[in-house]
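This report covers selected helices, their packing and a few single residues. The sequence and model come next.

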Amino acid sequence: MIYLDNASTTKPDPRVVQAMLPYLEESYGNPGTVYSFGREAEKAVSKAREQVAEYIGAKPDQIIFTSGGSEANNMVIKGILKSMEIAGRFVTMYSSIEHDSIMNTVNSLKYGNHLFDFTKIIPSDHGTKGVSVGRDDVEKAVSRVRLVYGGGVTGLVSVMHTNNETGIRNDVEEIGKYCHDKDIMFHADCVQAAGCEPLNVDKIGCDFMSLSSHKIHGPKGIGALYVRNKTSISPLIFGGENQEFGLRGGTENVPGIVGFGKACEILTNDSENNLKYISNLRRRLYDRIVWRLSTYGLQDIVHINGNLNLDNLGKTMNLRFDGIDGQTLMLLLDSNGVCVSTGSACNSHETKPSRVLKSIGLTDEEAMSSIRISVSRMNTVDEIDTAAGIIADSVYSLHSVANG
């Protein structure tokens, strides 16, 4: 099986697995205990916290371990609102192409509290149905808030670094600068950017950053939230006061944390080579698909959804094939040994058009004719070439059936 759904999850690196094993089999103590067995586990957690912090240019005490990226995103939105005591309205901004863990958290909080409001940032249309969030989009949204709410305070802007369905990168650095200048807190969801681009909290200028281990060849069920100033946020899960600096209760997932730390260490030590390799694989795959389709005279039916530049760093691309049902194509590819998806894994069982693709200007039919492909450093060139042939041949087969 050729696995090309790395935006959904990634294969654990063997070095990560080896790092975790001692904390599953031998050193299984509770890091909250004071005897040697517990201190050994606590030491492992501290080391992992340092590894994660080093990867993003943060301090260890700014890293809060969570169950994953979704919890980290929830913690930002809900934790900030819980910690705020202000007169007047506190407005949280988020873009229309955010992950469901942001969108659904916002939807759960929209009603019933007169102090807090939420408003969408409308991304810019860059032509050819491409869209991303820039500084100007945030500025327009802030100005709109002032007009609509008459004294409302924009307290938080949440914009993802890289979109999980299209691979499109938002201008987070410029957004970070603007938010800093205007005294607005900025949250960057970097779950899909990790392992694909260099990440540094100061260069991005964020107050919060979400990360997820299983997107970077670490274990599932563990992630982290970077918090610049811990007084700005309240916990969602209450427990021991010493657990995660009092911001996330519950006994720490020591094996998962150790694996996450190791995955970050691997990225820190060999980041540049991996990033180029991954982006080159994505470029090669697209070029080979187009070439193969050209042998059938079908090169014009394939399109990249969004203003994605395949020469930039990244692992994900969203392709549309005119007249081809994406779900049918995905199942045909699965039967031929290639794993892709039709969108976010959070909505993989849904048959309705992707809201992200619709938000960047695609029609229902176009969105339903799309698949998401994402590569990783564990893919080989031979796999990419083989997969390109299978994808193009499958598209040709479905096109032939549809057109008699």
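Isoleucine 2 counts as buried, at 10% relative accessibility; buried means under 20% relative accessible area, exposed over 50% and partly exposed in between, with a 1.4 Å probe and protein chains only. This is a predicted model, in which local features need pLDDT of at least 70 and side-chain atom pairs count only at pLDDT 80 or more, while totals for chains, interfaces and linings use all residues. Residues are numbered from 1 along each chain as its sequence is written, and side-chain values use heavy atoms, with hydrogens and water left out.

Isoleucine 2 sits in strand 1 (residues 2–3); strands (E, at least two residues) and helices (H or I, at least four) are DSSP runs numbered from the N terminus. Not counting residues up to four places away in sequence, isoleucine 2 touches Gly337, Val338, Cys339, Glu383, Thr386 and Ala387, where contact means heavy atoms within 4.5 Å. Isoleucine 2 and threonine 386 are 384 residues apart in sequence, and their C-alpha atoms are 8.6 Å apart in space.

The 21 residues of helix 3 should span 30 Å at 1.5 Å a residue, and its end C-alpha atoms are 31 Å apart, which agrees. The expected span is 1.5 Å times one less than the number of residues. The buried residues of helix 3 are Gly38, Ala41, Ala44, Val45, Ala48, Arg49, Gln51, Val52, Ala53, Tyr55 and Ile56. They pack against several elements, including strand 2, strand 9 (208–212), strand 10 (223–227) and helix 9 (254–269). Just after helix 3, glycine 57 takes a positive phi of about 70°.

Helix 10 (residues 271–294) has 24 residues and reaches 35 Å from its first C-alpha to its last, close to the 34 Å expected. Its buried residues are Asn274, Leu275, Ile278, Ser279, Leu281, Arg282, Leu285, Tyr286, Ile289 and Leu293. Their cover includes strand 11 (302–304), strand 12 (316–321), strand 14 (370–374) and helix 14.

## Helix packing

Two packed helices are described by the angle between their axes and the distance between the axes. Axes are lines fitted to C-alpha atoms, for helices over the stretch in contact, and angles run from 0 to 180 degrees between N-to-C directions. A crossing is left-handed if the near helix is turned anticlockwise from the far one by less than a right angle, and right-handed if clockwise.

| Helix pair | Angle | Axis distance | Crossing |
|---|---|---|---|
| Helix 3 and helix 9 | roughly 35° | within 8 Å | left-handed |
| Helix 10 and helix 14 | about 35° | 8 Å | right-handed |
| Helix 11 and helix 14 | about 125° | 10 Å | right-handed |

Helix 11 and helix 14 are therefore oblique to each other; angles under 35 degrees count as roughly parallel, over 145 as roughly antiparallel, 65 to 115 as roughly perpendicular and the rest as oblique. Thr328, Leu329, Leu332 and Leu333 of helix 11 meet Ile390, Ile391, Ser394, Val395 and Leu398 of helix 14. This contact of helix 11 with helix 14 has seven nonpolar, two polar and no charged residues. Here Ala, Val, Leu, Ile, Met, Phe, Trp, Tyr, Cys and Pro count as nonpolar, Asp, Glu, Lys and Arg as charged, and the others, Gly among them, as polar.

In the contact of helix 3 with helix 9, helix 3 contributes Ala41, Ala44, Val45, Ala48, Gln51, Val52, Glu54 and Tyr55. The residues of that contact, by class, are 12 nonpolar, three polar and three charged.

## Residues in loops

Most residues other than glycine have a negative phi. Aspartate 183, in the loop between helix 7 (172–181) and strand 8 (185–189), has a positive phi near 60°. Aspartate 183 is exposed, with a relative accessible area of 74%. Histidine 217 also has a positive phi, near 70°, and lies in the loop between strand 9 and strand 10. Histidine 217 is buried, at a relative accessible area of 4%.

Glutamine 62, in the loop between helix 3 (36–56) and strand 2 (63–66), is buried at 11%. Leaving aside neighbours within four places in sequence, glutamine 62 is in contact with Leu225, Tyr226, Val227 and Arg228. Glycine 240, in the loop between strand 10 and helix 9, is partly exposed at 33%.
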